[in-house]
Amino acid sequence: RPRVFSGIQPTAGSFHLGNYLGAVRQWIPLQESHDAFYSVVDLHAITVPQDPKALREATRLAAAQLLGAGLDPERCTLFVQSHVPEHTQLAWVLNCVTGFGEASRMTQFKDKSAKQGVEGTTVGLFTYPTLMAADILLYQTDQVPVGGDQRQHVELTRDLAQRVNGRYGQLFRLPSAHILKEAAKVQDLQDPLSKMSKSSSSPKGIVWMLDPPKTSAKKFRSAVTDTGTEVRYDPENKPGLSNLLTIYSALSGLSVAELEEKFDGQLYGPLKTELAELFTEWVTPIQARTREFLDDPAELDRVLATGAEKARPVAAETLTRVHEAVGFLPGL
Ligand code: ATP
Ligand code: MG
């Protein structure tokens with residue numbers, strides 16, 4: 001069976017709607033058709049400052065949300081990144097074949113470092129993409145189900161894999177990004193030109209999966225749109241409205257064209273209200289399932305320990321071949 005790997009950061013506690021619609025939603029069906037590895041990537045989380053207690057809680061919370069969303073540890077491998085030390089070990093080797101200029105071109109680094117300032121920007125944030133490449137390549141991954149913002153990182157991963165294979169022999173399978181056309185990029189509700197983001201969205205612009213649905217309903221109703229009156233998908237001239245149509249479409253299964261017809265001749269108000277109701281109905285059972293997993297932290301830790309046990313031998317096999325190929329002496 002083809003392999004998939006993907007990860008999500010345990011930052012901020014709750015996932016947001018963009019994480020769910022862009023990434024996690026795809027992970028669930030892929031457990032049936034693929035050999036799936038999913039990771040709560042805590043090593044990535046510390047590229048920006050994290051409170052230790054909050055990080056520990058957020059890591060369990062992330063796992064509970066993934067299980068609540070429908071991941072089944074019997075059908076996929078769910079683990080915490082720091083439990084498999086091979087990730088950091090392979091990342092080092094990849095750092096040593098990555099050009100400084102090449103890494104400097106990553107737009108996520110440019111965006112995030114601009115926000116942190118030079119002194120606040122860590123070397124870890126700079127090398128985030130090579131750690132992500134290691135995550136993917138360790139598992140001989142075929143497909144990487146992610147949101148559209150990760151396309152450039154997956155392309156870098158392919159370039160690095162090809163370079164290493166060319167230099168040292170066939171060590172890595174070449175992965176490709178698996179990005180949904182619909183909802184590849186969910187935008188901030190208050191600033192529809194920016195992506196909804198755990199680290200940089202405005203409080204009113206981000207829809208947290210674990211917030212009381214009433215809070216999120218209000219955010220949908222007060223989402224920024226334009227002064228026009230026609231419900232039409234037009235990301236260039238109507239970015240806010242188009243974002244709402246994208247979300248509505250993803251949640252309802254109706255196409256954007258069907259939605260344009262449904263709301264033909266109406267102002268934006270009814271669409272916002274209906275979207276708020278649809279979201280509430282959809283998120284309520286997901287929240288309930290997440291809470292059930294959170295109520296049993298011992299079981300959660302057991303699931304994560306089992307996941308790490310399954311992931312490690314796969315990762316170790318790749319790492320051993322890489323170490324041998326680059327010329328390291330075999331260990332004792
Ligand atoms: P940060 O801003 O700190 O990077 P994030 O909101 O991007 O956080 P991540 O944990 O980095 O969250 O991303 C997890 C997954 O969610 C990735 O596959 C990413 O592509 C996807 N994703 C993140 N934001 C969005 C979005 N607005 N729309 C669609 N997918 C998204
Ligand atoms: Mg991100």
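How much space lies in the largest cavity? About 60 Å³. This is a predicted model.

## The cavity

The structure holds 1 cavity of 30 Å³ or more. Its lining is made up of Phe15, Tyr20, Gln65, Ala69, Met209, Leu210, Val283, Ile286, Gln287 and Thr290. Helix H3 (52-69) and helix H13 (268-294) are the elements that give two or more residues to this lining. H13 supplies the largest share, 4 residues.

What classes of residue line the largest cavity? There are 7 nonpolar and 3 polar residues, and no charged ones.

## Gly13

Gly13 sits in the loop between strand E1 (3-8) and helix H1 (17-33). Is Gly13 buried or exposed? Gly13 is buried, because its relative accessible area is 12% and the cut-off for buried is under 20%.

Beyond residues up to four places away in sequence, Gly13 touches Ala58, Leu61 and Gln65. Gln65 is also one of the residues lining the largest cavity. Met209, another residue of that lining, is 196 residues from Gly13 along the chain. Their C-alpha atoms are separated by 9.9 Å.

## Ser113

Ser113 belongs to helix H6 (residues 107-116). Ser113 is buried too, with a relative accessible area of 14%.

Which backbone oxygen lies 3.3 Å from a polar atom of the Ser113 side chain? That of Lys110. Setting aside neighbours within four places in sequence, Ser113 is in contact with Thr121 and Leu125.

Key:
Residues numbered from 1 in each chain as written. Chains lettered and ligands numbered in written order. Predicted model: local features only at pLDDT ≥ 70, side-chain atom pairs only at ≥ 80, totals over all residues. Heavy atoms only, no water. Buried < 20%, exposed > 50% of the residue type's maximum accessible area, 1.4 Å probe, protein only. Contact = heavy atoms within 4.5 Å. Polar contact = N/O pair within 3.5 Å; in protein donor to acceptor, adjacent residues only side chain to side chain. 1 Å grid on protein atoms, 1.4 Å probe; cavity = no way out; pocket = protein on both sides within 12 Å on 5 of 7 lines; lining within 4 Å. Points joined across faces, edges and corners; volume = space filled by probe spheres on them. Nonpolar A, V, L, I, M, F, W, Y, C, P; charged D, E, K, R; others polar.
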